[in-house]
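Please keep the sequence and the structure in view while reading.

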Amino acid sequence: MTNEPSLNDQLSGETIIVAPGIFDALGAVLVERAGFHTAYLSGASIAYTQFGRPDIGLVSMSEVADTLSAITERSALRIVVDADTGFGNALNVIRTVRLFESCGAAAIQLEDQTLPKRCGHLAGKMLVPTAEMVGKIKAALDARRRPETLIIARTDCIAVEGFDAALLRAERYLEAGADVLFVEAPQSEDQMRAIVARFAARIPLLANMVEGGRTPRKSAAELQAIGYSLVIFPGGMVRALARTAQAYLASLKEHGSTLPFRDNMLDFDGLNELLGTDEMLALGADYDARNFEQTDD
C-alpha cells in the first residue's frame, strides 16, 4: 500500500472508490483480502456489534479511536472514519480530528446533526445551525496535521428541512473548505443527479448505500455514471454476518452439531490461514531468546 496513490489522488480519478463498511480488524483483513484498498469504519456498525445497540449516538470518541487503532495496526487499508458530530462542539472536533488522524485515519467524516445523533436513514433527526457546522468544518481543517487527511462534510438536511435546504447547506460546507461532500439520504435518482449536477465539478461526492434505507440502491458502476466519486456500504457486512449467524445458530439448535453447516464455515486451518498465524509464529521465532544466547568460546 505504500506505493498506492493517496485517497485524495484517487478521488480525482475517473473510477469510483468502493469502501465496504467494517467494525473491527478482522473485517479489515477480509476487505483487504477481497481486493479493496479503502474501507469505511462505521459508527453504526460499532454500535451494532460491540454493544448490540442501534445507531443513536451511543458510541464514544475513544471507542471509535480504539477500534481504528486496532484496524490500522493490522491493515494497510485507507480508512474513512465515521466521526459522527465530532462528539461535541468545535473544540471536541479538534480533539477528535487529531486523535483519529494519529490513529491512521485517511479521511474523517463529520455531520451536522445535534447530539445525540442517529442513523441517517432513521426518522426524527435534528440539525445544528448551518453556521455552527461551518465552524466545525473549519476547526477540523485547522486541526489536521497532514493535508492528505481528508475532511468529509455530511448534511442530514434532506429529511429535516427538505432537499433545497440541503443543497444550500452543502454549498456552505463546500465554501468552508470541506474536501468531500456527503449529502445524506437523497430519496430519488432525480435528487442524486441534482446533487451531482450542482457539486461534482467542484468537489468529490460520497454516496451511501444502506440496505432498506431511503436512497435508491445503485451499483458502484451506476453511481460512477451518475457522477459520484466514493461509495460506502457501511452496514452491509454486519447485516450479512448477522444473517449467517442466525442460520448457523438455527442449524446448531436443530442438529446439536455444526456438521450440517460445515460447508458454510472456515475450518481451524482456514481461519488460521486468514489470520496469518504461521507468519506470526515464524516472526516470533526470529526473536526467540535462544537465538541470542551467548556461548563460551
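Thr155 is located in strand β5. The model is a predicted one. At 1% relative accessibility, Thr155 is buried, because the cut-off for that class is under 20%.

**Strand β5**

- Not counting residues up to four places away in sequence, Thr155 touches Asp112, Ala166, Arg169, Tyr173, Phe182, Val183 and Glu184.
- Thr155 and Leu181 are 26 residues apart along the chain, and their C-alpha atoms are separated by 8.3 Å.
- Strand β5 covers residues 150–155 and also holds Arg154.
- Arg154 has a relative accessible area of 4% and is buried.
- Between Arg154 and Leu181 the C-alpha to C-alpha distance is 6.1 Å, for a sequence separation of 27 residues.

**Nonpolar cores**

- The largest nonpolar core has 65 residues, and the members that touch the most others are Ile22, Leu41, Ile79, Phe100, Leu181, Phe199 and Tyr228.
- Helix α6 (residues 130–143) supplies the largest share of this core, with 7 residues.
- Phe199 is in contact with Leu167, Ala170, Glu171, Leu174, Leu181 and Leu205, leaving aside its neighbours within four places in sequence.
- Ser69 belongs to helix α4 (residues 61–74).
- With a relative accessibility of 31%, Ser69 counts as partly exposed.

**Helix α11**

- Helix α11 runs over residues 236–255, and its 20 residues should span 28 Å at 1.5 Å a residue; the end C-alpha atoms are 29 Å apart, which agrees.
- Which residues of α11 are buried? Gly236, Met237, Val238 and Ser251 are buried in this helix.
- The buried residues of α11 pack against strands β1 (17–22) and β8 (230–233) and against helices α2 and α3 (43–51).
- Arg239 is also part of α11, and with a relative accessible area of 34% Arg239 is partly exposed.
- Apart from neighbours within four places in sequence, Arg239 is in contact with Tyr48, Val210 and Glu211.
- Arg239 and Ala139 are separated by 100 residues in sequence and by 34 Å from C-alpha to C-alpha.
- Gly256 follows α11 and has a positive phi, near 65°.

**Packing of α2 and α12**

- Helix α2 (residues 25–33) packs with helix α12 (residues 268–275) at an angle of about 85°, and the two axes are 10 Å apart.
- The two helices are therefore roughly perpendicular, since that class takes angles from 65 to 115 degrees.
- On the α2 side the contact is made by Leu26, Val29, Leu30 and Arg33; on the α12 side, by Glu273, Leu274 and Leu275.
- By class, this contact between α2 and α12 has 5 nonpolar residues, 2 charged residues and no polar ones.

**Backbone features in loops**

- Most residues other than glycine have a negative phi, and most peptide bonds are trans.
- Asp84 is not a glycine, yet its phi is positive, at about 50°.
- Asp84 sits in the loop between β3 (78–82) and α5 (90–102), and at 6% relative accessibility Asp84 counts as buried.
- Phe87, also not a glycine, has a positive phi of about 65°.
- Phe87 lies in the loop between β3 and α5, where Phe87 is buried with a relative accessible area of 18%.
- The peptide bond from Leu115 to Pro116 is cis, and its omega is near -10°.
- Pro116 is placed in the loop between β4 (107–111) and α6.

Note on methods. Residues numbered from 1 in each chain as written. Predicted model: local features only at pLDDT ≥ 70, side-chain atom pairs only at ≥ 80, totals over all residues. Heavy atoms only, no water. Axes fitted to C-alpha atoms, helices over the stretch in contact; angles between N-to-C directions. Helix = DSSP H or I, 4+ residues; strand = E, 2+ residues; numbered from the N terminus. Parallel < 35°, antiparallel > 145°, perpendicular 65-115°, else oblique. Contact = heavy atoms within 4.5 Å. Nonpolar A, V, L, I, M, F, W, Y, C, P; charged D, E, K, R; others polar. Core = buried A, V, L, I, M, F, W, Y, C linked by side-chain atoms within 4.5 Å. Buried < 20%, exposed > 50% of the residue type's maximum accessible area, 1.4 Å probe, protein only. Expected span 1.5 Å × (residues − 1).
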